[in-house]
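Please open the model in a viewer and keep the sequence panel at hand.

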Amino acid sequence: MIELKHLSKSFVTADGKVEALKDVNLTIRNGEIYGIIGMSGAGKSTLVRCINMLERPTEGSVIIDDRDIGALSENELRRIRRNITMIFQGFNLLMQRTCLKNVCFPLELAGMNRAEAKKKAMELLETVGLPDKANSYPAQLSGGQKQRVAIARALATEPEVLLCDEATSALDPKTTHSILKLIREINRNFGITVIIITHQMSVIEEVCERVAILDEGVVVEEGEVGSVFANPRSAAARRLVFPEGNEIIVPEESGDERRLRVVFNGAEATTKPLITQMAVDVGIAANILSASTRCIGDKVFGNMLLGVDGGEEAVAKVCDYLQKAGEIVVEEVKNDV
Amino acid sequence: MFDGTFSFEALQDAMPILLNEFPLAVWETVYVTILSTAFAIIIGLPLGVLLVAGDKNGVLPLPRGVMSVLGVVINLLRSVPFLILMILVFPLTRLIVGTTVGTVASIVPLVIAAFPFVARLVESSLRELDPNIIEAAQSMGASPFQIIMKVMIPESVPSLISNFTIAITTILGYSAMSGIIGGGGLGKIAINYGYYRYQYLIMFVAVILLIILVQIFQSVGDRWAIHSDKRLKR
């Protein structure tokens, strides 16, 4: 278990003090894939670097399996870093070494003998699907292949935690998908706890179980991915969930139309056309003013704004009908959308 | 001034010198240059590493005092003109070699003049390295010494070779200059015959040979640097 307690980090720059992290408290369970998402400059990279003490937090502590990492000596810290490895946006491979030698690198650092290290590195290259690239140099590989080598390198010392710092941000969507798949396999097969730092919603949706949203150094929301994204409460979360802007353009209210916000909180995605079915079943034709839903796994999250004619009675019927479908919350909204 | 430099008589005068003295002079110039460069690298490489690693954001931050002394000493040695430096280190040369005159003796001042230059070149090579790679090594638990030996130096090899090529051609120039006050090689011949005895033809030939040597060193160095750079492998 990784516990971040009251973590703060400030930098002194030419323009004065910058607070990169402000009182961050998070608990990451063993074996889970935890996402930390935020816009650039939110402090994500600083946060992940505090976990392995590449950045020393100004205040607070990082506790991994009941050990306070910040209290360790440089020597102990170096040893524990073999247990908390990292992959990066820019891959950061040694460009003058072959892929095999890159994977050997952390083993060399740990003092393993050459032959043994080579054997282990070869196995790892097989794990990441690149056994044929052992003697190629990083410059000869594509971005996705480089990240695979970096993952093999990160696994070499058999870590318990893998930190991914924007590991897919330099990759195209298809490659991102394949790297995330690999990360999930590693998480399952080796039981490695994975912490993913990203600015991409899709990354979090695809692999993370829980997520924290970081905004200007503060954790503004935290929890199960589905519930956080379905019902973004903070402005930062809304910006991430609706990157095109949350300003839903809705026509002026007309006549006695009432407005209902329908929140999908993980309803089963079915082929049943819910709103149409409602029109048939209860005879109320709702006007869909705006909708933003997405499927996470096989569940639907998001919300929809309906306009309903017919006064109190109709509103009650609609609420009743939709809420019966399960995992849907309906609330009436007044002018402020 | 150069009237008759290329006349038949001049060539006749020059022939015995060209045949008898030049082969040895070329050899002396080459080995003095290579040996001096080697020693300059032996001293300059660790110092250059220290200049980068000892920086306050480096992998092995050293006290500010140590760093400024190091910087001042290097700048001081770099600012003394080579000929003056050669005279200044005469006592040291005598101590090490036993004499201040001759080909071997000129190695001492050449090394003293060149190692601070090499240290600066090494510094600039190492600073080119992507700091993220160093951070990655730190994240894997590398010690400062491991980072220097396994990351900073090996990753900078192509750039170091390019810079050492610059060093060797500069040292070749210095070695020729050392001919004025007792050094051996092509410089000595150019000065003794060409300048003191007005046999300009000899001087020109010596200069041409120096140019050829620079060309050889430079092209070998360039090729080696490119060959060693695994980033250029396709």
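**The nonpolar core**

Begin by selecting V103(A), C164(A), I195(A), I213(A), A114(B) and V118(B), the residues that touch the most other members of the largest nonpolar core, which has 155 residues. Such a core is a set of buried Ala, Val, Leu, Ile, Met, Phe, Trp, Tyr and Cys residues joined through C-beta atoms within 7 Å. A residue is buried if 20 or more other C-beta atoms lie within 10 Å of its own, exposed if 12 or fewer, and partly exposed in between, with C-beta atoms placed from the backbone. Next, select helix α6 (residues 107-127) of chain B, which gives the most to this core, with 14 residues. Domain 1 (2-241) and domain 2 (258-333) of chain A both contribute residues, so the core lies between them.

Two remarks on conventions belong here. The model is predicted: local features need pLDDT of at least 70 and side-chain atom pairs count only at pLDDT 80 or more, whereas totals for chains, interfaces and linings use all residues. Residues are numbered from 1 along each chain as its sequence is written, and chains are lettered from A and ligands numbered from 1 in the order in which they are written.

**Chain A as a whole**

Select chain A. Its C-alpha atoms fill a box of roughly 80 × 50 × 35 Å along the principal axes. Its secondary structure comes to 11 helices and 14 strands; helices (H or I, at least four residues) and strands (E, at least two) are DSSP runs, numbered from the N terminus. Of the 337 residues in chain A, 40% are buried. Among its contacts between residues at least 6 apart in sequence, 67% join residues at least 24 apart, a contact being two residues whose C-beta atoms, placed from the backbone, lie within 7 Å.

Colour domain 1 (2-241) and domain 2 (258-333) of chain A separately; the bounds come from an automatic or database domain assignment. Their centres, taken over C-alpha atoms, are separated by 39 Å. The contact takes 7 residues from domain 1 and 8 residues from domain 2. On the domain 1 side, helix α8 (residues 225-230) of chain A gives the most, with 5 residues.

Select strand β3 (residues 33-37) of chain A, where 5 of 5 residues are buried. I33(A), G35(A) and I37(A) point one way, and Y34(A) and I36(A) the other.

I37(A) stands opposite I213(A).

**An open sheet**

Move to the open sheet of 4 strands in chain A, ordered β2-β1-β4-β5 with antiparallel pairing. β2 (16-28) and β5 (67-68) of chain A stand at the edges with a single partner strand each, so one side of each is left without a neighbour in the sheet. Strand β4 (residues 59-64) of chain A pairs with β5(A) over 2 bridges, and I64(A) has R67(A) as its bridge partner.

**Chain B and the interface**

Select chain B, which has 11 helices and 0 strands. Its C-alpha trace spans about 75 × 50 × 30 Å along the principal axes, and 42% of its 234 residues count as buried.

Select helix α11 (residues 200-228) of chain B. At 1.5 Å a residue, its 29 residues should span 42 Å, which agrees with end C-alpha atoms 42 Å apart; the expected span is 1.5 Å times one less than the number of residues. Among its buried residues are Y200(B), M203(B), L210(B) and F217(B). The buried residues of α11(B) pack against α1 (8-20), α2 (22-53), α9 (157-177) and α10 (186-196) of chain B.

Finally, display both chains. Their contact takes 20 residues from chain B and 20 residues from chain A. On the chain B side, α7 (131-139) and α8 (144-155) each supply at least two residues, and α7(B) provides the largest share, 6 residues.

Methods: Two strands pair if DSSP finds at least two bridges between them.
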